[in-house]
Amino acid sequence: MELATCIRERRSVRRYTDELVDHETIEKIIDLARFAPSWKNTQTTRY
């Protein structure tokens, strides 16, 4: 997927369910979040 397509088709989901998320999925999300840039390159990570 191209960047322009990602930006144009971005959406926010505001309807949540009570469905549980397994631990492995949460760990994958946190692992990927480490690569997100930080404001002013301050490198402060809090979960």
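Exposed here means over 50%, buried means under 20%, and partly exposed lies in between, with a 1.4 Å probe and protein chains only.

A word on the source. The model is predicted, so local features need pLDDT of at least 70 and side-chain atom pairs count only at pLDDT 80 or more, while totals for chains, interfaces and linings use all residues. Residues are numbered from 1 along each chain as its sequence is written, and side-chain values use heavy atoms, with hydrogens and water left out.

Now the overall picture. The protein has 2 helices and 0 strands; these are DSSP runs numbered from the N terminus, helices being H or I with at least four residues and strands E with at least two. Of the 47 residues in the protein, 0% are buried.

What does Glu24 pair with? Its side chain meets that of Lys28 in a salt bridge, 3.4 Å from N to O. The term means a side-chain nitrogen of Lys or Arg within 4 Å of a carboxyl oxygen of Asp or Glu. Why do Glu24 and Lys28 sit about one helical turn apart? Because they are 4 residues apart in helix H2, residues 23-33.

The structure holds 2 salt bridges. Asp31 and Arg34 form one of them, with their closest N and O atoms 2.8 Å apart. Asp31 is partly exposed, at 36% relative accessibility, whereas Arg34 is exposed, at 53%. In general, side chains of opposite charge can pair when their charged atoms come close.

Last, Ile26. This residue is in helix H2 and is partly exposed at 38% relative accessibility.
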